Amino acid sequence: MIVFFQIIFSLFALMAVGSVWKKSHEGLLGAKGTVFWILFWVLAATAVWWPKSTTILANTFGIGRGADLILYISLAVIFYILFKLNVKIEGLSRGVTKLVREKALREVEKK
Amino acid sequence: MLVAVVPAFNEEKTIGSVVRSLFSQVDKVIVVDDFSGDDTLKMAVEAGASVLHHEINCGQGAALQTGHELAVQLGADYVVDFDADEQFDVEDIKPAVLAMQKAGADFLFGSRFLGEKLPMPLSKRYIMLPLARMVNRLFAGIKLTDGHNGFRILGRQALEKIIITQDRMAHNTEIPAQIKKYNLKYLEFPIKVVYREYGQGILGGLKVLGDLIMGKFVK
């Protein structure tokens with residue numbers, strides 16, 4: 001059963017790497033992004049085929065289980081993404097306000 | 001020229017009388033209708049105000065900035081920010097402008113704590129306003145006797161320098177921060193406020209804090 005999951009995950013990771021490579025060739029992804037995402041999927045596949053590797057890494061940080069380390073890192077990344085999204089939304093909202101203001105001022109000039 | 005800027009959102013019941021009473025004190029009244037769902041716009045026009053209309057609801061800070069920009073275009077020497085809900089007293093405007101001129105100040109903050117003791121909800125007096133003053137001091141670096149009071153007067157220099165980027169209620173802290181940044185001369189002046197509704201509660205205060213923190217990261 002575990003081997004089945006590992007094979008499925010590896011196929012998925014391969015497809016993901018292929019997609020990253022394609023986007024990089026099309027110029028949609030920069031060099032840094034390409035290296036990051038390929039490294040990410042290689043590490044994820046390593047962790048799936050060699051589960052103890054995450055535990056070894058977790059132990060070096062004083063965390064008991066590899067799964068816990070992944071959970072903590074995931075939470076930190078999700079919070080960071082949420083924060084970045086909020087900043088982006090606030091920026092967009094201010095842009096919209098500027099447009100609304102310009103239109104309101106133009107309308108009053110016409111009168 | 002003395003101009004009043006009144007941001008308004010769903011204030012059809014009070015906006016007409018506020019505009020009419022303002023005309024006894026100022027040369028021009030600008031109402032910024034922030035996408036009201038009622039007849040605020042119509043009432044303001046009927047009362048004789050110059051009305052700007054936001055096509056979506058942007059917030060009080062955004063509405064004030066829109067009004068200020070029109071006031072600059074009209075050549076205003078002084079702009080008084082005035083609430084649309086009849087909380088403020090128009091009789092405070094002229095003495096406040098005189099005090100500004102006498103002190104040579106660029107900016108005037110209305111204060112509920114300098115004159116006679118005004119009736120206000122206890123939680124506001126002892127919890128919300130001390131917190132607002134603390135936030136102002138922390139983010140703006142200016143010590144004021146009042147926090148988040150909407151009555152303020154801008155001289156021409158302040159009007160040209162201060163650009164409100166906080167669309168919602170955090171502009172009440174952003175403005176003192178810009179006063180400090182541009183080294184504008186300011187004073188506080190006692191005003192009267194009659195409470196018709198509570199205003200910002202704890203949740204509103206937390207939102208202001210969130211907006212101020214977020215504002216540090218938005219370019």
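Guide: In chain B, helix α1 spans residues 15-22, and its buried residues are I15(B), G16(B), V18(B), V19(B) and L22(B). They sit on the same side of α1(B), because they cover an arc of only 165 degrees around the axis. An α-helix has 3.6 residues a turn, so residues three or four places apart point the same way. Keep in mind that this is a predicted model.

What do the buried residues of α1(B) pack against? Their partners are β1 (2-8), β2 (28-33) and α2 (40-46) of chain B.

Take V31(B) next. Beyond its neighbours within four places in sequence, V31(B) contacts I15(B) and V19(B), and also V6(B), A8(B), A44(B), A49(B) and V51(B). V31(B) also belongs to the largest nonpolar core, which has 55 residues. Within that core, V31(B) is among those with the most contacts, along with A4(B), V6(B), I30(B) and V79(B). In soluble globular proteins, nonpolar side chains tend to be buried together.

Now the sheet. Chain B has an open sheet of 7 strands, ordered β3-β2-β1-β4-β6-β5-β7, with mixed pairing. On average, neighbouring strands are turned by 20 degrees against each other, direction ignored.

Notes:
Residues are numbered from 1 along each chain as its sequence is written. Chains are lettered from A and ligands numbered from 1 in the order in which they are written. This is a predicted model: local features need pLDDT of at least 70, side-chain atom pairs count only at pLDDT 80 or more; totals for chains, interfaces and linings use all residues. A residue is buried if 20 or more other C-beta atoms lie within 10 Å of its own, exposed if 12 or fewer, and partly exposed in between; C-beta atoms are placed from the backbone. Helices (H or I, at least four residues) and strands (E, at least two) are DSSP runs, numbered from the N terminus. The arc is that of the directions from the helix axis to the C-beta atoms. Two residues are in contact if their C-beta atoms, placed from the backbone, lie within 7 Å. A nonpolar core is a set of buried Ala, Val, Leu, Ile, Met, Phe, Trp, Tyr and Cys residues joined through C-beta atoms within 7 Å. Two strands pair if DSSP finds at least two bridges between them. Axes are lines fitted to C-alpha atoms, for helices over the stretch in contact, and angles run from 0 to 180 degrees between N-to-C directions.
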